[in-house]
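Please look through the sequence and the model below before reading on. The paragraphs that follow go from one part of the chain to the next.

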Amino acid sequence: MSAGSANFLEIQPSELAFPFELMKQSSCSMQLTNKTDHYVAFKVKTTNPKQYCVRPNIGVVLPGSTCDVTVTMQAQREAPTDLQCKDKFLVQSVAAENGAATQDITAPMFNKEPGKVVDECKLRVIYVPTSTPGSISEESEQGSSARSFENGTPNSTMPQTVFRSSAEPAKEKSVEVSFISL
């Protein structure tokens with residue numbers, strides 16, 4: 001099922017966008033809105049559990065209520081090629097007993113069985129580039145040793161050449177580069 005079309009929960013946004021900056025964790029949130037007159041239990045799963053912290057990752061949304069879920073991405077040491085991410089999240093939801101609470105949620109509640117409805121909504125992860133000083137190659141000023149990335153991987157042999165001291169005068173106008181996801 002696509003985002004926002006589940007029978008039990010409306011999930012916004014339809015994809016999780018994380019500001020991406022090396023060596024910094026970032027967070028985003030999603031809202032789970034119960035569109036029914038019943039209690040709804042939910043569970044959030046990911047294809048990369050070591051990379052993300054989801055709070056709460058299980059819970060109960062009361063009828064007509066909304067639950068905010070915060071997803072935190074751990075700091076990353078290197079940028080993926082073209083800032084593309086293959087990680088995904090799955091939000092499962094099922095009808096729960098009236099009066100159910102988080103401690104009443106069990107893994108078997110989300111098992112698919114004949115006659116039982118388990119709604120699933122998949123969300124993809126996207127990285128949103130952030131502008132940082134020195135992230136643009138200064139190759140035109142300092143030659144090829146100033147490359148911060150070669151073939152999509154950091155060049156660790158001369159990282160000091162990537163950053164310019166604020167005391168150094170700029171020799172020419174810097175150009176701001178925007179990344180566009182296609």
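Where is the place of Met23? Met23 sits in the loop between β2 and β3; strands here are DSSP runs (E, at least two residues), numbered from the N terminus. The model is predicted, so local features are given only at pLDDT of at least 70 and side-chain atom pairs only at pLDDT 80 or more, while totals for chains, interfaces and linings use all residues. Residues are numbered from 1 along each chain as its sequence is written, and side-chain values use heavy atoms, with hydrogens and water left out.

Met23 has a phi near 65 degrees, a positive value in a residue other than glycine. Its relative accessible area is 53%, so Met23 is exposed; exposed means over 50%, buried under 20%, and partly exposed in between, with a 1.4 Å probe and protein chains only. Leu83 also has a positive phi, near 50 degrees, and is likewise a residue other than glycine. Leu83 is in the loop between β7 and β8. With a relative accessibility of 17%, Leu83 counts as buried.

From Gln12 to Pro13 the bond is cis, with omega near -5 degrees, and Pro13 belongs to the loop between β1 and β2. From Arg55 to Pro56 the bond is cis as well, with omega near -15 degrees. Pro56 belongs to the loop between β5 and β6 (58–61).

The next topic is the interior. In soluble globular proteins, nonpolar side chains tend to be buried together. A nonpolar core is a set of buried Ala, Val, Leu, Ile, Met, Phe, Trp, Tyr and Cys residues joined through side-chain atoms within 4.5 Å. The largest such core in this model has 28 residues, and those with the most contacts inside it are Phe18, Met30, Tyr52, Val71, Phe89 and Tyr127. Two or more residues of this core come from each of β1 (9–12), β2, β3 (26–34), β4 (39–46), β5, β7 (66–73), β8 and β9. A second, separate core has nine residues, including Tyr39, Val60, Ala100 and Phe110.

Which residues are in contact with Phe18, leaving aside its neighbours within four places in sequence? They are Ser26, Ser27, Cys28, Tyr52, Val71, Thr72, Met73, Val125, Ile126, Tyr127 and Val128, where contact means heavy atoms within 4.5 Å.

Aromatic rings form a further set of links. The structure holds three aromatic pairs. Rings of Phe, Tyr and Trp (its six-membered ring) pair if their centres lie within 6.5 Å; planes under 30 degrees apart count as stacked, over 60 as edge-to-face and the rest as tilted. Why is the pair of Phe20 and Tyr127 tilted? The ring centres of Phe20 and Tyr127 are 4.9 Å apart and the planes are at 40 degrees, so this pair is tilted. Phe20 lies in strand β2 (residues 15–20) and Tyr127 in strand β9 (residues 119–129), so the pair ties together parts that are 107 residues apart in sequence. Phe20 is buried, with a relative accessible area of 7%, and Tyr127 counts as buried at 6%.

Tyr52 and Phe89 form an edge-to-face pair, 5.0 Å centre to centre with 75 degrees between the planes. Because Tyr52 is in strand β5 (residues 52–55) and Phe89 in strand β8 (residues 88–96), this pair ties together parts that are 37 residues apart in sequence. Both Tyr52 and Phe89 are buried. Together with Phe18, Tyr52 and Phe89 form one aromatic cluster.

Strand β9 also carries charged residues. Asp119 lies in this strand. Asp119 is buried yet has no salt bridge; the nearest side chain of opposite charge, Lys35, is 7.7 Å away. Lys and Arg count as positive and Asp and Glu as negative, while His and the chain ends are not counted. A salt bridge is a side-chain nitrogen of Lys or Arg within 4 Å of a carboxyl oxygen of Asp or Glu. The side chain of Asp119 instead reaches the backbone nitrogen of Asn7 at 2.9 Å, and the backbone nitrogen of Phe8 lies 3.1 Å from a polar atom of that side chain.

Lys122 is another residue of strand β9. Its relative accessible area is 58%, so Lys122 is exposed. The C-alpha atoms of Lys122 and Lys88 are separated by 6.9 Å, although these residues are 34 apart along the chain.

Methods: Helix = DSSP H or I, 4+ residues; strand = E, 2+ residues; numbered from the N terminus. Polar contact = N/O pair within 3.5 Å; in protein donor to acceptor, adjacent residues only side chain to side chain.
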